[in-house]
Every structure is written in C-alpha cells, then in structure tokens.
Amino acid sequence: MTFSISSDDVRKQLIKTESKAPVSDEEMQQAVRTLLLGLGEDPDREGLIDTPKRVVKALKYLTSGYNQSLDELLNGAVFHEDASEMVLVRDIDLFSSCEHHILPILGRAHVAYIPNGKVIGLSKIARICEMYARRLQVQERLTQQIGNALQGLLQPQGVAVVVEASHMCMVMRGVQKPGSWTVTSSMQGVFADDARTRQEFMDLIRHNPSFH
Ligand SMILES: Nc1nc2c(ncn2[C@@H]2O[C@H](COP(=O)(O)OP(=O)(O)OP(=O)(O)O)[C@@H](O)[C@H]2O)c(=O)[nH]1
Ligand SMILES: [Zn+2]
C-alpha cells in the first residue's frame, strides 16, 4: 500500500486533532475532586489537598502533544540532500496514554525512511514520535500518525515505523498480563512494496549495536 500525503494534508490533519479545551482548569480540578470522593477518599486531607491541581497539571503534560504543531517542532530542519540509503532512528522511548483507560502505554519506536531528495534533522524524528505519543492514543493510530507525518513532510521512497509497547491497562488491571507487549507497524512506499527492504529494516532494529 502506498500513500501520497502532502505537508498541507499533514497540517490539516494536525489542526483537526488539536485540543480546544472548552473547560477551565478549575472545572477540571473539581472533576478530580469528585473522582477522589467517588473513591471514598477525603479530598481535604493534607496529602490530597493539592492532588486535583497536580493531576490536572500531569494530565495536561501527558497530552501536551495536542498543542504542538509539526511546523513549530521542525523549526525548518528539512534539508535537500542526495542521500538515498536507509536512515533509521531506533529505540526511541515512548510514553503515551491509552484513550480507553487513560493509563500509560510504555514502549519504544523504531523509525526509518529512504530519502528521495530531502532529509530531516534526526532529533526531529524523535520529536514527531513525542508529539503524537503525548496524546490519548491507541497504538495503531500512534504508529500510523508517525509514518504519515514523515511521508507527508519528506515524500521519501518509503517510511517504516515499528512501535513495541506495553499497556498498563493490560498489566495493572483487566486481563493483568505483565510482560505482554504489542507490536504495531506502518510500512509505506518501498517498505510496503519490497520484502527485501522491509527485511533489512527488521534486521537493523534487531541487531545488537557494537558500542553497547
Ligand atoms: N487496539 C487497541 N486496543 C487497545 C489499546 N489500548 C487498550 N486497548 C484495548 O481496548 C479495549 C477496551 O475494551 P473494553 O471491553 O471496552 O474495556 P475493558 O472492559 O476495560 O476491557 P479489558 O481491558 O479487557 O478489561 C481493551 O481490549 C484494551 O486492551 C490500543 O492501543 N490498541
Ligand atoms: Zn487502556
């Protein structure tokens, strides 16, 4: 499957998902206070008195990716370059939140692309992962959004994204399966069309670096 997405499309997609926050911090804090009461706690005891404020601040931080834009994050770091070999940034730590339970998704992303006239600043690949991770997510969408962003920004020969993550909603509650992890991928362009290129990527994300 190949995708053709322009930077404009990526920006439109981004605008659609940006948060409009129709409630105040005070209203959010009041809701946390209600949750504490529902749990049978006393929200006025010393240890909990500032908890609503802290929870709102923490949740806003964990979803701060809604307020970022690709333009701002890139800071112009897309360069014209003749390179045509695979670029891979692997083992990018991810801290996201599942949209069903608002519990952590902890994992790693491996992101590769094969340039087609343009390269992107390496740190920006990690920043793109970070922006989409800092939202309420399902792992499949997070993976796809990272791939689509790179595809749209660089129009490369192909993009490959693999995310490996453990969902705390499956570990600490519910089915309670510590040690389970989920692997999702987004393969676009040559990574989707050519099994050897895909295999090279899979081999590179598995090999042990000699400097470790
Ligand atoms: N596909 C997908 N599912 C997810 C992700 N994160 C959490 N889920 C699942 O979302 C589902 C929600 O199912 P529900 O039955 O509505 O919720 P629940 O009663 O809390 O489900 P259990 O976790 O099975 O107890 C669960 O199966 C979760 O494992 C994700 O990133 N991708
Ligand atoms: Zn969940």
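A residue is termed buried under 20% relative accessible area, exposed over 50% and partly exposed in between, using a 1.4 Å probe and protein chains only. The model on display is predicted: local features need pLDDT of at least 70 and side-chain atom pairs pLDDT 80 or more, whereas totals for chains, interfaces and linings use all residues. Residues are numbered from 1 along each chain, chains are lettered from A and ligands numbered from 1 in the order written, and side-chain values use heavy atoms, without hydrogens or water.

**The zinc site**

Select the zinc ion (ligand 2) and display Cys 98 (SG), His 101 (ND1) and Cys 169 (SG), which coordinate the ion at 2.0 to 2.3 Å. Donors are N, O and S atoms within 2.8 Å of the metal (3.2 Å for Na, K and Ca); water is not among the atoms, so a site may look incomplete. Along the chain the donors follow the spacing C-x2-H-x67-C. Cys 98 is buried, with a relative accessible area of 2%, while His 101 is partly exposed at 36%.

**The largest pocket**

Next, select Met 28, Val 55, Leu 59, Lys 60 and Ile 102, the closest to the centre of the largest pocket among its 28 lining residues. A pocket is an open set of points on a 1 Å grid over the protein atoms alone, with protein on both sides within 12 Å along at least five of seven lines; lining residues have an atom within 4 Å of a point. The space in this pocket is about 730 Å³, a volume being the space filled by probe spheres set on points joined across faces, edges and corners.

Colour α2 (25-38), α3 (51-62), β2 (87-98) and β3 (104-114): each supplies at least two lining residues. Helices (H or I, at least four residues) and strands (E, at least two) are DSSP runs numbered from the N terminus.

**The aromatic pair**

Finally, select Phe 191 and Phe 201. A search of the whole structure finds 1 aromatic pair: the ring centres of Phe 191 and Phe 201 are 5.9 Å apart and the planes stand at 75 degrees, so the pair is edge-to-face. Rings of Phe, Tyr and Trp (its six-membered ring) pair if their centres lie within 6.5 Å, with planes under 30 degrees apart counted as stacked, over 60 as edge-to-face and the rest as tilted. Phe 191 belongs to helix α8 (residues 190-193) and Phe 201 to helix α9 (residues 195-206), so the pair ties together parts 10 residues apart in sequence. Both Phe 191 and Phe 201 are buried.

Note on methods: 1 Å grid on protein atoms, 1.4 Å probe; cavity = no way out; pocket = protein on both sides within 12 Å on 5 of 7 lines; lining within 4 Å.
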